[in-house]
Amino acid sequence: MYGMLLESVQHFVQLEYGEFVWRQALLTTGCKNTVFNTHQLYPDNLIPDLAAALSAITGKPIDEFMIFFGRCFVRFFSNFGYDELIKATGRYFCDFLHSVDNIHLQMRFTYRKMKSPSMQLTEVDENGAVLVYRSTRSGFSKYLRGQLLEIAKQLYGMDVSIKVLESQNDTPGGTSGPISIQGGLKTVIVKYRLDFDNREYMQRRVHIKAHPSQLQLTPVNSKLLLNLFPFALILNEEMKITAVGEKLIESWMLNNVNRSPMELIGAKVTEHFKLRRPSGITFTWENIKRLQTVLFEIQLLKGSSAKGTKDASKQSDAQPAASQVDTSSSTEDAAKIMTSIPRRGSQGLRSILLKGEMRYIKDINSLVFLCSPLINNLEELREMGLYLNDLNPHGLSREMVFSGFSHYSRLDLMCEREEQRAEELETSLALADSWKRQGDELLYSMIPRTIAERLREGQNPHETCQSFEEVTVLFAEVQETITGDDSIKYAMTTVNTLNAAFSAFDELIHSPMAYKVETVGKVYMAVSGAPDINPFHAQHMADLALAMLQSIRQLNLPGVGVKIGFHSGPIVAGIVGLKVPRYCLFGDTVNTSSRMESSGETDCIQVSGYTAQKLKKLGYVLLYRGKVAVKGKGDMETFWLQGPAPKKK
């Protein structure tokens with residue numbers, strides 16, 4: 001799908017639900033795009049995936065969001081002028097419904113890779129109409145409903161109620177029809193009943209009476225009709241070809257070497273032509289007669305296998321004796337054309353695609369396909385073996401080829417540039433996201449995540465200061481017994497030792513159980529219970545201390561050990577500094593914890609008596625050390641932490 005659909009969704013979701021909800025939806029779907037380019041292609045599953053994500057976030061049904069997305073698209077495309085295109089299709093809402101398939105055909109020149117659905121009105125009455133929707137993508141029928149509701153309300157000022165009469169292969173939340181046994185995708189078919197006030201349209205368009213002057217028209221010879229439309233076809237009720245335009249016969253002969261054009265006359269139309277659009281319908285008299293205002297696309301088959309040459313007398317018998325369009329000269333004209341066209345191979349010729357309307361002529365009970373070749377530029381004209389003078393003398397067929405020649409390459413260049421800009425933008429956004437993640441990691445290494453988020457929201461740094469009733473603060477100092485005369489070499493050894501030890505300690509820190517506060521020289525400081533309140537702070541800090549001691553032993557650094565001490569109590573914490581902000585702890589608990597470390601011994605963990613009582617209740621193994629003189633505190637009872645609490649079975 002093109003990015004314009006996703007642009008509309010992004011704009012109105014952000015407008016009605018907020019930026020946070022939109023980002024959550026993108027995160028849920030795994031979409032890495034934060035900006036969508038109008039002419040860039042994106043996966044079809046993004047729309048239903050976003051609907052499912054928003055449904056999970058808000059609790060509203062998925063179908064409600066698909067309808068909402070359809071409405072969003074109609075509101076959004078007004079910025080591109082497509083609302084004027086829809087208004088120009090006709091005075092009434094029913095005119096638009098008749099023309100919606102043709103609008104998709106015209107938009108194909110701007111959005112060349114668009115996989116548009118097919119929609120036709122099958123019934124029209126004073127109370128509404130029946131619309132048949134066909135597509136190879138499932139799950140988008142609710143999206144179409146939203147579009148129809150919004151177009152009726154916004155552009156035609158009427159309320160429409162829509163209900164589903166029949167539905168086939170429409171899987172909710174899917175993006176492609178189910179696979180058939182024969183291979184390929186099954187077509188999604190949904191028949192809608194649209195109820196609205198359609199009385200004025202019926203009076204003006206359907207129940208109109210012919211003017212008396214039209215009833216006095218003289219018969220028209222088929223030569224005049226086929227000269228005006230040299231690619232036209234005339235079909236009888238059996239869907240057999242009764243007359244063919246001169247240029248169409250020439251094209252058929254170029255693609256069917258050494259075969260007689262007589263095979264066209266009287267043959268089933270499906271033997272030589274393939275119905276490309278409207279998609280999903282069969283080439284039958286009833287279907288074609290019902291779709292009078294729809295643009296048809298019919299492809300001339302290359303090397304088609306007709307059922308043999310038809311006898312001229314049988315061809316003439318199949319036609320009515322009296323009619324306004326005389327086709328008696330069709331066979332003679334075909335014979336003349338056969339002898340006048342030089343024979344050449346069909347290798348490399350491109351199949352001709354004819355576009356036009358099927359008109360029913362009541363007087364002869366026949367369908368006339370008034371068409372012209374669908375050609376974008378001179379290159380395609382050459383590939384089909386045609387020339388400009390082969391095209392219809394009326395209309396804009398030749399002008400469109402010239403216009404396509406001058407603008408087609410320019411459009412390609414513009415699309416390529418837009419795609420290149422989109423790729424560059426996505427690369428820049430990905431790089432910006434990478435820089436943002438690196439910046440976040442650096443920020444979180446200095447400031448706790450919860451505090452950083454509050455600062456981002458505009459909170460004053462002074463307001464981040466908090467008091468905590470009780471936390472556990474740990475100090476660990478790396479001890480070295482190796483000395484040397486070379487001061488530079490000793491310093492380098494010390495740096496490498498501290499880097500190995502502190503990196504090992506960093507791997508043991510797990511938020512929110514513990515938070516690394518800072519390192520000063522050879523001392524490593526951590527806290528449990530701040531900035532995230534943790535009622536098990538003493539237990540988690542004891543586990544961390546034992547793990548630190550074990551990690552130093554596993555490093556097996558010669559002459560290297562660690563002294564660890566911790567204490568529990570109240571503290572005050574907050575951000576200090578502006579250029580290099582740090583999260584700092586203050587209070588007597590911090591000083592006491594530092595004394596537990598400094599008065600301890602290498603490869604031992606010393607804890608205060610208050611913290612030891614907490615750990616004993618949890619089953620930790622502690623050894624009474626005795627009373628230790630602590631500066632500012634006097635003598636304090638301390639304990640050695642020997643081992644962890646036994647694991648519960």
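Student: What should I know about the model before we start?
Tutor: It is predicted, so local features need pLDDT of at least 70 and side-chain atom pairs count only at pLDDT 80 or more, whereas totals for chains, interfaces and linings use all residues. Residues are numbered from 1 along each chain as its sequence is written, and side-chain values use heavy atoms, without hydrogens and water.

Student: At what angle do α1 and α4 pack?
Tutor: Helix α1 (residues 3-17) and helix α4 (residues 62-77) pack at about 105°, with their axes 8 Å apart. α1 is therefore roughly perpendicular to α4, a term for angles of 65 to 115 degrees. Axes are lines fitted to C-alpha atoms over the stretch in contact, and angles run from 0 to 180 degrees between N-to-C directions. Helices (H or I, at least four residues) and strands (E, at least two) are DSSP runs, numbered from the N terminus.

Student: Changing topic, in what order do the six strands of the open sheet run?
Tutor: The order is β7-β6-β12-β11-β9-β8, with antiparallel pairing. β7 (241-244) and β8 are at the edges with a single partner strand each, so one side of each has no neighbour in the sheet. Two strands pair if DSSP finds at least two bridges between them.

Student: How many bridges join β9 to β11?
Tutor: Five bridges join β9 to strand β11 (residues 353-361), and I298 has L354 as its bridge partner in β11. Four bridges join strand β8 (residues 273-277) to β9, where I298 is the bridge partner of L275.

Student: Is β9 mostly covered or uncovered?
Tutor: Strand β9 (residues 295-300) is mostly covered, with six of its six residues buried, meaning under 20% relative accessible area with a 1.4 Å probe, protein chains only. L295, E297 and Q299 point one way, while F296, I298 and L300 point the other way.

Student: And which residues of α21 are buried?
Tutor: In helix α21 (residues 609-617) they are G609, T611, A612 and L615. Down the axis of α21, these residues fall within an arc of 150°, so they line one face of the helix. The arc is taken over the directions from the helix axis to the C-beta atoms.

Student: What covers them?
Tutor: The covering elements include α19 (537-555), β16 (560-576) and β18 (604-608). Just after α21, G619 takes a positive phi of about 95°.

Methods: Parallel < 35°, antiparallel > 145°, perpendicular 65-115°, else oblique. Buried < 20%, exposed > 50% of the residue type's maximum accessible area, 1.4 Å probe, protein only. Contact = heavy atoms within 4.5 Å.
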